[in-house]
Amino acid sequence: MYKQQDNIELESLQPQVSEPHNTTSRGQRDKARLPVKITIKKLDFYYVDNQALYDVSLDVEKNRVTALIGPSGCGKSTFLRTLNRMNDTIPGTRLEGTVKLDEVDIYRDVKDVSVVRRRVGMVFQKSNPFPKSIFENVAYSLKVNGVTNKRVITEAVESTLRKAFLWDEVKDKLQHSAYMLSGGQQQRLCIARALAVRPEVLLMDEPASALDPLSTTKIEDLINELKKDYTIVIVTHNMQQAARISDFTGFFYEGRLIEFGPTKQMFTKPGKKKTEDYITGRFG
Amino acid sequence: MNIAADKRPTAAIGYSATYQYKPKSSGLLPRSLTFLAVLIIIAILAVIMFNIVCGGIGVISWEFLTHPPERGMEAGGIFPAIFGTVALVILMTIAVIPIGVLTAIYLQEYTRPDSKGIRLIRLAINNLAGVPSIVFGLFGLGFFIQWIGGGIDSLFFEGGRPVWGQPAIVWAALTLALLTLPVVIISTEEALRTIPRELKDASYALGATKLQTIRRVILPQALPGILTGGILAVSRGAGEVAPIMFTGAAYYLPYLPSKLNDQFMELGYHIYVMATQSPDVEATKPILYGTVLVLLVLTFMLNSAAIMIRSRIRSRRVNV
């Protein structure tokens, strides 16, 4: 319903490059694996003179949950923020290497950074709804991306709130301040807000670290549901969470990607000593 | 038991000797000293207010508020001065708020706060706030009237009488705007600084541009702070006489200002004139008192209107 009616208004939101499916040209990829959504190659990242990431290379597969783990300050959040160019907002940062989204280099081939951020949404550690109504929080995403049709906005707000499993809880108080929601609800509102621009990738920076166990479960269920439609990259401190929800896990330590592989393998027979030490809780 | 004499064995907790608690000061001295300071302020304010209200209340009448001065200001009202003051303050606000807010946004959102150039600009703004107001008056005369106004005249109105190159309400308002600019910039900057980074990040992460973020997230959040700046600017500007003496305020005018290049009467200047230039000071004294009272009440009203608007915005933001 919403998908058909908003074609004209949301045209500008559509990916500007066609989605290539020619995975064969990229080598003999396992048939069971899905196409790669984001390819990171030889990424170095600097805050002024401090190098935060060293030579990180990684493939993020489409419609999978990729978890990034590692001790505080290991660069996993910095890495996450390179995937939608959020680090551009911090003065004095510099990046070498490539980040390709569907074969498009988001640093060199894309002039307008907001195009990248529309395609790669982000949810932050601390829920950060705007001091506006619940409705306006979700509508904001559409408005800043050029959607003006009121009916389209209303329908999009409902459908995204439904997607975030929040609709039934808030449908009677859409005009209330977002600050009146509980912490978990606020975080799901932020997820809904990110989904409203219909991104292809969703980045989550410890989305449940400030929430109680029940709210955390709800967020995790939501992530499981969302991976049907989105590619998800999640940073988490919680190893059980990574084990529960992710398909792939990357372990960062001191700015380097120590190990990356299917979650099951990472947690049962990690290839590196460092990974094993961290996962078994010997440090971190 | 007397606490000051509390001698207890401390061996149990590891000390070998006994020791004595020092008696603590009761805190009465600092308390009474600070209270005295407050009392002095309140007393001075009370004397001033009492004096003005007692002297002025008798003169205040509908006639006084709605009629022009008569017989060398010994009779009649002060309507032109009230009108001029309100018009002046409104024009000043229209000029100072956009320039001040845009400056603050530039400094806060588009520059790196630690850079040398920006620190220099901040220093300049702070110094601007310390410049004596008479200097602003002379600057306004030289810059606005002679240079800009005179320039316009020599370009478009050659030969005739000065049209813009003369004291006028617009020049006085702009001079006052300069005087109050630092207040607006500083309080707007203060408001912008308190906006959490997370909110800006949230907006950028949704694909909003910087301009959209400023317009839809930052400015609504900063609005109460901007209004505070406006309130302070109005309070400061409405009482200033020195900047407008040379730039537009008139001793006496038989008409109200209706164009931007008209001169105008103003309450503060009117008070100054009555107090210093009147042929019979005793005869104008009641009117003088009344005028001072009106100026006070007017400033108070402008202030409370702005405060009311601000608190309404604040409460609307919390409850939506």
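**Close-up views of a two-chain predicted model**

View 1. Residues are numbered from 1 along each chain as its sequence is written, and chains are lettered from A and ligands numbered from 1 in the order in which they are written. B:L88 is also one of the residues that touch the most other members of the largest nonpolar core, which holds 143 residues. Such a core is a set of buried Ala, Val, Leu, Ile, Met, Phe, Trp, Tyr and Cys residues joined through C-beta atoms within 7 Å. Helix α6 (residues 169-193) of chain B gives this core its largest share, 16 residues. Helices (H or I, at least four residues) and strands (E, at least two) are DSSP runs, numbered from the N terminus.

**View 2. Where chain B meets chain A.** Here 19 residues of chain B are in contact with 26 residues of chain A. On the chain B side, α7 (197-205), α8 (210-239) and α11 (281-319) each supply at least two residues, and α7(B) gives the most, with six.

**View 3. Helix α4 of chain A, mostly covered.** Of the 11 residues in α4 (residues 134-144) of chain A, 10 are buried. A residue is buried if 20 or more other C-beta atoms lie within 10 Å of its own, exposed if 12 or fewer, and partly exposed in between. The buried residues of α4(A), including A:F135 and A:Y140, pack against α5 (150-163), α6 (167-170) and α7 (183-195) of chain A together with α8 of chain B. Just after α4(A), look for A:G146, which takes a positive phi of about 90°.

**View 4. An open sheet in chain A.** Four antiparallel strands line up as β2-β1-β4-β5, where pairing requires at least two DSSP bridges between two strands. At the edges, β2 (50-61) and β5 (104-105) each pair on one side only. Strand β4 (residues 93-101) is joined to β5(A) by two bridges, and A:L101 has A:V104 as its bridge partner in β5(A).

**View 5. B:L138 on helix α5.** B:L138 lies in helix α5 (residues 133-156) of chain B. This residue counts as partly exposed because it has 16 C-beta neighbours inside 10 Å. The C-alpha atom of B:L138 is 9.1 Å from that of B:M245, 107 residues apart along the chain.

Key: Predicted model: local features only at pLDDT ≥ 70, side-chain atom pairs only at ≥ 80, totals over all residues. Contact = placed C-beta atoms within 7 Å.
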